[in-house]
Amino acid sequence: MSGRYNRPDRNFTGKSRKLKELMLKSDNRTCADCSGSDPKWASANIGVFLCLKCSDVHRSLGPEISKVLSVTLDEWEDADIDSMIEVGGNSYANSIYEAFLPQGYKKPRPDASIEERTNFIRSKYELQEFLKPSLRIVSSKMSFRNYDSINSMKTSGSSFSMKKIEKVQTTVKKSNLNPVWDEVFKLRVPQHYGPLKLQVYDHDLFSADDIMGEAEIDLQPMVTSALAFGDPSVFGDMQIGKWFRTSDNALIDDSIVNIVDGKIKQEVSLKLQNVESGDLDLELEWVPLEE
């Protein structure tokens with residue numbers, strides 16, 4: 001084989017590996033529309049993984065709405081893989097496309113009829129009936145670039161950092177097995193952000209502090225919701241997004257992103273990792289830079 005053939009093949013393999021890793025996340029192991037298991041198809045521009053039956057409906061919408069590709073059979077362009085990775089998969093896309101799903105509305109099940117699937121998928125992506133009323137996604141690729149803000153946290157944690165860009169530490173609570181911190185910290189969310197990392201330590205006067213547990217907060221559900229809704233002060237109190245509890249994260253329960261009194265807030269309850277027991281509760285608030 002010539003070097004001309006080998007180079008793109010290696011690049012494609014690397015990108016494919018990232019796509020496979022995304023597909024293996026818990027949220028992406030079921031179809032975004034009907035919860036069918038082991039989806040092997042995807043809408044590259046929307047950023048969701050789909051079962052075969054739902055992918056057929058997506059394909060009927062046309063590529064300008066949903067560009068359907070097989071995860072295992074098709075060759076993916078780098079831009080399509082990047083789009084999937086940027087969205088983050090099913091839970092993030094659904095936090096936008098199903099933000100205003102009516103209470104009690106029943107999504108299609110894996111055994112749903114083609115008519116039921118078609119009606120739901122058209123309503124969700126083509127007619128965009130479940131978005132906030134003033135929002136319309138013209139291009140189905142959701143981009144979170146070129147947006148900067150401050151993330152304000154009232155935390156019950158001990159110390160936390162984000163990609164080592166900023167790090168803050170709470171005060172030490174002495175002789176307390178159930179400490180409560182009533183402290184607020186502000187961290188700038190960079191353009192290319194990662195999870196918010198939290199660590200809890202047992203303070204020791206005579207030696208290095210012992211780590212008592214850690215956890216990570218996925219910021220993308222809040223970022224997604226903040227971008228979609230813009231100025232929250234023009235809306236009443238409502239749910240606008242959700243970070244789903246899965247076996248891959250430390251959440252105790254699903255974490256809801258809400259507009260409360262004109263502010264975007266998210267309460268998070270985490271079970272500390274790498275420790276026998278320990279929980280952590282905190283509140284995130286999205287604050288524009290000008291504030």
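## Thr-224 in helix α6

Thr-224 sits in helix α6, which covers residues 220-229; helices here are DSSP runs of H or I with at least four residues, strands are E runs of at least two, and both are numbered from the N terminus. With a relative accessibility of 2%, Thr-224 is classed as buried, a label for anything under 20% relative accessible area, while over 50% is exposed and the range in between is partly exposed (1.4 Å probe, protein chains only). Its side chain comes to 2.7 Å from the backbone oxygen of Gln-220.

A note on the basis of these values: this is a predicted model, in which local features need pLDDT of at least 70 and side-chain atom pairs count only at pLDDT 80 or more, whereas totals for chains, interfaces and linings use all residues. Residues are numbered from 1 along each chain as its sequence is written, and side-chain values use heavy atoms, leaving out hydrogens and water.

Asp-82 belongs to helix α3, residues 78-87. Is Asp-82 buried or partly exposed? Its relative accessible area is 32%, so Asp-82 counts as partly exposed. The C-alpha atom of Asp-82 is 8.7 Å from that of Leu-19, although the two residues are 63 apart along the chain.

Helix α4 spans residues 90-97, and eight of its eight residues are buried; among them are Tyr-92, Ile-96 and Tyr-97. The buried residues of α4 pack against helices α3, α5 (114-126) and α6, and also against strands β2 (48-50) and β10 (238-243).

## How α2 meets α5

Two packed helices are described by the angle between their axes and the distance between the axes. Helix α2 (residues 52-61) packs against α5 at about 55 degrees, with the axes 10 Å apart. Axes are lines fitted to C-alpha atoms, for helices over the stretch in contact, and angles run from 0 to 180 degrees between N-to-C directions.

The pair is therefore oblique, the class left over once angles under 35 degrees (roughly parallel), over 145 (roughly antiparallel) and 65 to 115 (roughly perpendicular) are set aside. On the α2 side, the residues that meet α5 include Val-57 and Leu-61, and on the α5 side Ile-121 and Tyr-125 are among the partners.

## The chain overall

The chain has six helices and 13 strands, and 46% of its 291 residues count as buried. Of the contacts (heavy atoms within 4.5 Å) between residues at least 6 apart in sequence, 59% join residues at least 24 apart.

Technical notes:
A polar contact is a pair of N or O atoms within 3.5 Å; within protein, one must be able to donate a hydrogen and the other to accept it, and residues adjacent in sequence count only if both atoms are side-chain atoms.
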